[in-house]
Amino acid sequence: MSQSYRSTRSSAKETQSFEKTIIQGLASDGGLFIPSEIPQVDAETLEKWSSLSFQELALEIMKLYISNEEIPENDLKELIQRSYSTFRSSEVTPLAKDITGNGEHLHVLELYHGPTYAFKDVALQFVGNLFEYFLQRANKDLPQEQRKKITVVGATSGDTGSAAIYGMRGKKDVSVFILYPTGRISPIQEEQMTTVPDKNVQTLSVKGTFDNCQDIVKAIFGDVEFNKKHNVGAVNSINWARILAQMTYYFYAYFQAIKGAQSKVKFVVPSGNFGDILAGYYARKMGLPVERLVIATNSNDILDRFMKTGVYERSDDVAATLSPAMDILVSSNFERLLWYLARDVMASGDDQKAGEILNQWFVQLKTEGKFVVDQAVIKAALVDFDSERVSDPETKETIKEIYQSSQNPKNYILDPHTAVGVCATKRQISKDNDSNIQYISLSTAHPAKFAEAVNDALSEFEGYSFEKDVLPDELKKLSTLEKKLKFVEKADIELVKRTIEEELVKMGLF
Ligand SMILES: Cc1ncc(COP(=O)(O)O)c(C=O)c1O
Ligand SMILES: N[C@@H](CCOP(=O)(O)O)C(=O)O
């Protein structure tokens, strides 16, 4: 096996296969899976990769993380081709270059050309096909009653849910349950999730916050008995396959931005659960010469506070912002970065000791609501990252400003999450004052998904029309379709487990 995986909280030597890692999702000790080593890519290989298509590049990267014995190269190639054939752009993730046209090199990486108009499609179209591939292989020639099944349980603040549902709908032996906080997602996001008629899909509208939903999902993964009964699968970015599939666009966009020139590149990423930017961290650690990855948060700023103070502290309340998909108290994937920092700064490169340190930090987070790291850890983090916090008024102002000033194309419309990133990019541009840096700002969702925020910013402009300029026909139709959802009156794990079992019976899968 060329690659195996370990848990961030494990102090054991053993590692496990890619398939087990993906199917299991979250480690039984509560940790997240990471590769036992990060493959290295040299300058010659990068040069070769620079002319590959998105799909070819995805294959080269994934081959480094999945051994040929686990998924033969031809099968992997076919999985990748199928996963990206559903995208509306032949480039999958095109780069809108120099949007302001004023020499500041502000490029927007459009990640929303998949079926649900959000960056999550890049990973979840692939994850859906991967689950199906593993199940078909395990169930080959088995009678119905012995077939292995996966019960996907995910939490969403709006976008993961629809991308997961579109990735898993109709897949044999897979059922999908998506928990979302009632009233805290946009109407179109809710319509996308609840209008999918496939029998294997059920959305659960939970009275609570996204963090409540995420905590329930993690507790379900930690419930040995429920897991044994239902073989629970993860679609949130706690699942390693999500991070892996997202690495491709960092490489692809980098090559498009520099086009052979000797420029420096910074990526700016609107961040919540830290999954998207973490894929960029892996790309950098593999050898992609990225200058810095910039974390852009809204006022739910646990990540920005950590980068500035070394205190990782859960605040008491989540603020409802214009960028709701990032309204989050604790960032799941930050644990993966913390593991590398602990190993390199505090454990002299010892994997097992890093697991022990992580365990202590997360026990402290649970019992005291925070933990504090040494300044040396922050110093190491700042080699790879910088961070910016963006307020709602700044988000709105950025949507307006780009609409008015963009040149390539004119009247470019940002969704509020992308606007958080672009505002942070603008700040970096003025701080750096270096015309040799190319800035790639990640656009994580289509503006049509956030009508209220976009209209609030743009309706004052003459000639602007949401229906005409923003809303794709495909999304227009959603409001006419029948909705299928189930209310869960309390953010309570036992109630959610009961609801899932009742629904599985109705689906004929339990
Ligand atoms: C539109 C949008 N932007 C940004 C983010 C933040 O990404 P991450 O949670 O990977 O940090 C999310 C949610 O994950 C999202 O849905
Ligand atoms: N912003 C996310 C929250 C879940 O994050 P994930 O990337 O870990 O799935 C969403 O839109 O649901």
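**Ground rules.** I'm working with a predicted model, where local features need pLDDT of at least 70, side-chain atom pairs count only at pLDDT 80 or more, and totals for chains, interfaces and linings use all residues. Residues are numbered from 1 along each chain as its sequence is written, while chains are lettered from A and ligands numbered from 1 in the order in which they are written.

**Whole chain.** I found 21 helices and 15 strands in the protein chain; these are DSSP runs numbered from the N terminus (helices are H or I, at least four residues; strands are E, at least two). The radius of gyration, taken over C-alpha atoms, is 22 Å, close to the 24 Å from the globule rule for 510 residues, so the chain is as compact as a globular protein of that length. That rule is 2.2 Å times the number of residues to the power 0.38. The C-alpha trace spans about 65 × 60 × 50 Å along its principal axes.

I checked UniProt: an unreviewed entry lists residues 5–84 as "domain: Threonine synthase N-terminal". Positions are in the numbering used here, feature names are shortened, and annotations may be inferred rather than shown by experiment. I get 48% helix and 8% strand for this span, with its end C-alpha atoms 26 Å apart.

**Ligands.** I count a residue as near if its C-beta atom, placed from the backbone, lies within 6 Å of the molecule. Ligand 1 has 15 residues around it, and D159, N273, G275, A325 and T444 come nearest. Ligand 2 has 13, with T156, D159, T160, N236 and S237 nearest. Helix α6 (residues 159–168) gives the most to the ligand 2 shell, three residues.

**Helix α17.** I picked residues 416–432, a helix of 17 residues that reaches 24 Å from first C-alpha to last, close to the 24 Å expected at 1.5 Å a residue (1.5 Å times one less than the number of residues). Buried means 20 or more other C-beta atoms lie within 10 Å of a residue's own, with C-beta atoms placed from the backbone. The buried ones include P416, H417, C423 and Q428. Just after α17, N433 takes a positive phi of about 45 degrees.

Conventions: A residue is buried if 20 or more other C-beta atoms lie within 10 Å of its own, exposed if 12 or fewer, and partly exposed in between; C-beta atoms are placed from the backbone.
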